[in-house]
Amino acid sequence: MAEEQQVDVVVIGLGVGGEEAAGRLAEAGLSVVGVEHTLVGGECPYWGCIPTKMMTRAGNALAEARRIPGLAGSSQVRPDWAPVARRIREEATDTWDDKVAVDRFVGKGGQFVRGRASIVGPGRVRVGEQEFRARRGLVVATGTAAVIPPIPGLAGTPYWTNRRVVEAETLPATLLVLGGGAIGLELSQVMARFGVDVTVIEGSDRLLAMEEPESSEAVSAALAKDGIQALTGVRAEHVEHSEGLFAVTLSEGSTVTGERLLIATGRAARLDGLGLDTIGLDPGARFLATDEWMRASDQLWAVGDVTGNGAFTHMAMYEADIAVRDILGQGGPPADYRARPRVTFTDPEIGAVGLTEKQARDAGIDVRVGYSSLPSSSRGFIHGPGNEGFIKVIADGDRGVLVGATSAGPSGGEVVGALSVAVKAAVPIDTLRATIWAYPTFHRAIGDALREL
Ligand SMILES: Cc1cc2nc3c(=O)[nH]c(=O)nc-3n(C[C@H](O)[C@H](O)[C@H](O)COP(=O)(O)OP(=O)(O)OC[C@H]3O[C@@H](n4cnc5c(N)ncnc54)[C@H](O)[C@@H]3O)c2cc1C
Ligand SMILES: NC(=O)c1ccc[n+]([C@@H]2O[C@H](COP(=O)([O-])OP(=O)(O)OC[C@H]3O[C@@H](n4cnc5c(N)ncnc54)[C@H](O)[C@@H]3O)[C@@H](O)[C@H]2O)c1
């Protein structure tokens, strides 16, 4: 018989969203139990955003150094993975140790429990032999894990996911990447810049298929320059691994080989074994659907990747804030997903917010499109090598506001900030056109795109 403890809130999963929610609720004076079975902080600091962006920083430094000839003299670049692996180990992850994060949560007054939590009834959670009854309710923040497609031959091979790449101390000579989305492309470009021979296999007919076609073209051109072979519109039909080599047979009949195979074919919510059936929810659901206050059912909130509203750290933080305010009865704005930003950290960076042109047309909006090319802008011209990119703005002609935008380029993820404000605040296009954009900046190309509307 498990011992039972009464508390205010139990937070299941202390990744980005859960750690934020649990910490804030504890700081507000509630008795909070935070349960985590792996590392407090979750995917982002240990195997996601932070280490992979340390990798892209390193890859971009190599690419910039290779751009010196013709700009600033000559350069000789000898890539070495050791400092990248060391930074990830020592600066980003403490060698995958979460002591600092656990202490931070406990320091806020939270009660930390290491283990796998399952819901055993309304407001009730079990972790091993311990049982908790949460008076105010539960927050589920269990995140997502890599999807492993059921390709014959794949199971049982030593394929890599994002976790294994981030932990790599040395790089392979050749790498096959299954999936041409954010993870596949960011990591492919880094690897190629460190001298790995990379082949990307993407099932849809273009890379970064969720974004604008212009983004796919920009990324494809950049990856080709880095020597990456990108195969689109093909599916992996069979995988074999022998004598240290993967062989992937493709739908059009050919076979590609590589020392390592990275699976980057999307993420699935961690809902298995969570006990959703004990509170009347569908245990087979893909995500935990919520209302605008992140309520998934009575006294149950869900935040982060697990909600399916966008698998990004900023979305997990945003949703945690809404759930916390709701639990504490503080009011404030509920969830609004119209200006959801996202950045793919390839070079060029692909920053985007709100709707793509196709999504806007499918929604029946009176679509107007403005486009400007970065190399043709003053800053692009000055920048020279590495200036590829563009601004694309999507307007609702009836309302006279932007509903979406893409900013691709050397600082695409930074430039998209201005566009996020425009979409979120529904700034009138006339006001945006009358805005003074500093010269010579990359973001000044927004003004050029707006003139085309
Ligand atoms: C390679 C990669 C790169 C990324 N780069 C970026 C980026 O640049 N920018 C960005 O915004 N996002 C990025 N992301 C996405 C980002 O990491 C996620 O959106 C973010 O981590 C989601 O936070 P979360 O709290 O919802 O889930 P997670 O971080 O996945 O945390 C969930 C936690 O719950 C725990 N858990 C699950 N089930 C249980 C249970 N039953 N009991 C106890 N604990 C449990 C897990 O162990 C985990 O620690 C990247 C992701 C990957 C994989
Ligand atoms: N910079 C960032 O913010 C960042 C970086 C990495 C990941 N993330 C988050 O993590 C999520 C997951 O990333 P991801 O790249 O794994 O997923 P994704 O959904 O972005 O891309 C997966 C790609 O794999 C393709 N695919 C699926 N099955 C396939 C198969 N069997 N054969 C060939 N191709 C196949 C899909 O068509 C898709 O293009 C992202 O959507 C994003 O939310 C964010």
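## Two loops with positive phi

Ala426 sits in the loop between α12 (412-424) and α13. Helices here are DSSP runs of H or I with at least four residues, strands are runs of E with at least two, and both are numbered from the N terminus. Ala426 is not a glycine, yet its phi is positive, near 50°. It counts as partly exposed because it has 15 C-beta neighbours inside 10 Å. On that scale a residue with 20 or more other C-beta atoms within 10 Å of its own is buried, one with 12 or fewer is exposed, and partly exposed covers the range in between, with C-beta atoms placed from the backbone.

Asp94 is another non-glycine with a positive phi, about 50°. It lies in the loop between α4 (82-92) and α5 (99-107). With 15 other C-beta atoms within 10 Å, Asp94 is partly exposed.

## A word on the model

This is a predicted model, in which local features need a pLDDT of at least 70 and side-chain atom pairs count only at pLDDT 80 or more, while totals for chains, interfaces and linings use all residues. Residues are numbered from 1 along each chain as its sequence is written, and chains are lettered from A and ligands numbered from 1 in the order in which they are written.

To be near a molecule, a residue needs its C-beta atom, placed from the backbone, within 6 Å of it.

Lys53 has 17 C-beta neighbours inside 10 Å, so it counts as partly exposed. Over residues 8-320 the chain is 30% helix and 26% strand, with the end C-alpha atoms 17 Å apart.

## Ligand 2 and helix α7

Ligand 2 has 26 residues around it, of which Gly179, Gly181, Ile183, Gly203 and Ala311 come nearest. α7, β9 and β18 each supply at least two of its residues, and the largest share, 4 residues, comes from α7.

So what does α7 look like? Helix α7 (residues 182-193) has 12 residues and spans 17 Å from its first C-alpha to its last, close to the 16 Å expected at 1.5 Å a residue; the expected span is 1.5 Å times one less than the number of residues. It is largely enclosed by the rest of the structure, because 12 of its 12 residues are buried. Among them are Ile183, Glu186 and Arg193. After α7 comes Gly195, with a positive phi near 95°.

## Sheets and hairpin

An open sheet of 4 strands runs in the order β10-β9-β8-β14, with parallel pairing. Its edge strands, β10 (229-232) and β14 (260-263), each pair on one side only. From one strand to the next the twist averages 15°, taken between N-to-C directions on a scale from 0 to 180 degrees, with axes fitted to C-alpha atoms. Strands β8 (residues 174-178) and β9 (residues 197-202) pair in the parallel sense over 5 bridges, and Thr174 has Asp197 in β9 as its bridge partner. Two strands count as paired if DSSP finds at least two bridges between them.

Elsewhere, β4 (residues 117-121) and β5 (residues 124-127) pair in the antiparallel sense over 4 bridges. Ile119 stands opposite Val125 in β5. These two strands form a hairpin with 2 residues between them, and Gly123 in the turn has a positive phi of about 70°.

## Cis peptide bonds

Asp347 and Pro348 are joined by a cis peptide bond, with omega about 5°. Pro348 is in the loop between β18 (341-344) and β19 (349-354). A cis peptide bond also joins Tyr439 and Pro440, with omega about -10°. Pro440 belongs to the loop between α13 (429-433) and α14 (445-451).
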